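Colleague: I'd like to learn how to read a model like this one. Can we go through it together?

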Amino acid sequence: MTDNTLDRRRLLTSAVVGGAGLVAASALGSLAPEAAFAAPQTIDAGAPDPNFAEGRITGIAAGMLYVTGSDTALHRIRITNATSVWKLIPTGIDAAAVGDGLYARGLRMDDGTLAADAVWINIVNLQAHIVAIGKNQLHLDHKGKRIVGHVVPGRSAVSYNNTPAVTDMSMLKVGRHVQVIGAWVPDTNEVQIATVYAGTHSH
Amino acid sequence: MHPWIPALQPLLLAAVLLWSARLKLAHPLAEAAARRSALAQLVGEARALPAYRAVGAVEAAVAVALLVPAARPLSGYASAALTTGFVAYLGYARIAAPESSCGCMSAARTPVRWRAFARAALLVAASVLAATAATGWPAALADHPVPAAALLLAEAAAVLALSAELDRHWLDQLRQLRVRLTSPLPAGGFDIPLASTVEQLHRSPVWHDTAGLLTSDLREHWDEEEWRLLLFTARHGEHTVSAVYAVPRLRYEPASVRLALVDEQTGQTVATHTATPDTPLPAWVNDRQPVAA
């Protein structure tokens, strides 16, 4: 981690927990949610949402991702330092690779690029059941297809019965239904597990 | 081949068919099983249950016939016809309704896969053998009790192994036993995963007030003593600013979550927000006097 990042984080940390220089809540007129939607965009019914893109990365240039949508539409997606990039963890554009799938949300600019607010790379949401458990692996049956879920130590978490997530995965059981949020490994039947939602009651 | 081997097949077939017929005729979930099976597609939703029950009745009748030695070899032919029908049904289900349930031997939802075909093929082979039997099963059982028992057990085990719908009774249990013995997944550990902190944030009053300002998802996070800091991008008036949420790291206390909006270009904190604390109880709550009569 660079000194630059550390300095930046120190500044941001002190702004919220430093205690000094608190800005009065009355100065927060624009905290009302309406402010965020001050200029609602109108979208024609049936037309694709111009502020959303989906597809696979076919090229990467400085600050720009070239993406081919599953409807073969081509998107240019601009990433700035205000853009959130998720690829199993919150990360940056450096983590993107050609061949990755993505969803991006942002604002369509006049030049046709999508200035992205948020990008999720390879994210998948699976309803499946556990058919076997191996060393740091969940073997999942998803609509009759086998998917291997890799546990990433220190990252993967489980929420049992909708309680706050924990890193202890030992209560997962073969045969149980789970919901898995994870990062797909392109062109394989494997995912890296971000969060598993599981019940512990038999059914 | 020993002549007693074909003679025993009616026992296996009758057991499998009776099990299967019981599901279709007497199981409380038979209706749901019928609706999920490919029969619903084949004969229509409305006729699926009667058709399902009819199949069960035929299975039961053939099973009973197989158990009556006098019905030989006609019962063998009937069984061969029925089990060949199973193969045809599975083929239809696989092609026309691949996501439908087999509905074969359990009400548990079981898509048709290769094991179902292998089991049906096994039953066809047993039926053909049964039709060629020269003696009845009571005689074969009496003459060769030990090998007969071993053969029937092996065949029953093969049917069980090929029945995906029965996996949860033995295969899942075995695999879970192995999990218990080898503990392949991380256990324990006191690290608080990011997902837990994000969830606490989502349940906080500060988030409810300010989530509408955010434009991005989580950009960055780091820990600072008792806090975990979560960084988002937000809109503040015309400006794009960074939203820094401080969330208690080791405590679950959503009301303590606080926010600062920082313009990173200038380093200025443009706004902060914390939850409104509980108001102190007014005096009339604590100092209530009895009302004079």
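Modeller: Of the 203 residues of chain A, 40% count as buried, where buried means under 20% relative accessible area, exposed over 50% and partly exposed in between, with a 1.4 Å probe and protein chains only. This is a predicted model, so local features need pLDDT of at least 70 and side-chain atom pairs pLDDT 80 or more, while totals for chains, interfaces and linings use all residues. Residues are numbered from 1 along each chain as written, chains are lettered from A in the order written, and side-chain values use heavy atoms, without hydrogens or water.

Colleague: Why does A:T83 count as buried?

Modeller: Because its relative accessibility is 6%.

Colleague: Which polar atoms lie around the side chain of A:T83?

Modeller: A polar atom of that side chain is 2.9 Å from the backbone nitrogen of A:T80, and the backbone oxygen of A:A116 is 2.8 Å from a polar atom of the A:T83 side chain.

Colleague: What is A:T83 in contact with, beyond four places in sequence?

Modeller: Contact means heavy atoms within 4.5 Å. The partners of A:T83 include A:R78, A:D117 and, from chain B, B:R219.

Colleague: What share of the contacts in chain A with a separation of 6 or more comes from residues 24 or more positions apart?

Modeller: That share is 52%.

Conventions: A polar contact is a pair of N or O atoms within 3.5 Å; within protein, one must be able to donate a hydrogen and the other to accept it, and residues adjacent in sequence count only if both atoms are side-chain atoms.
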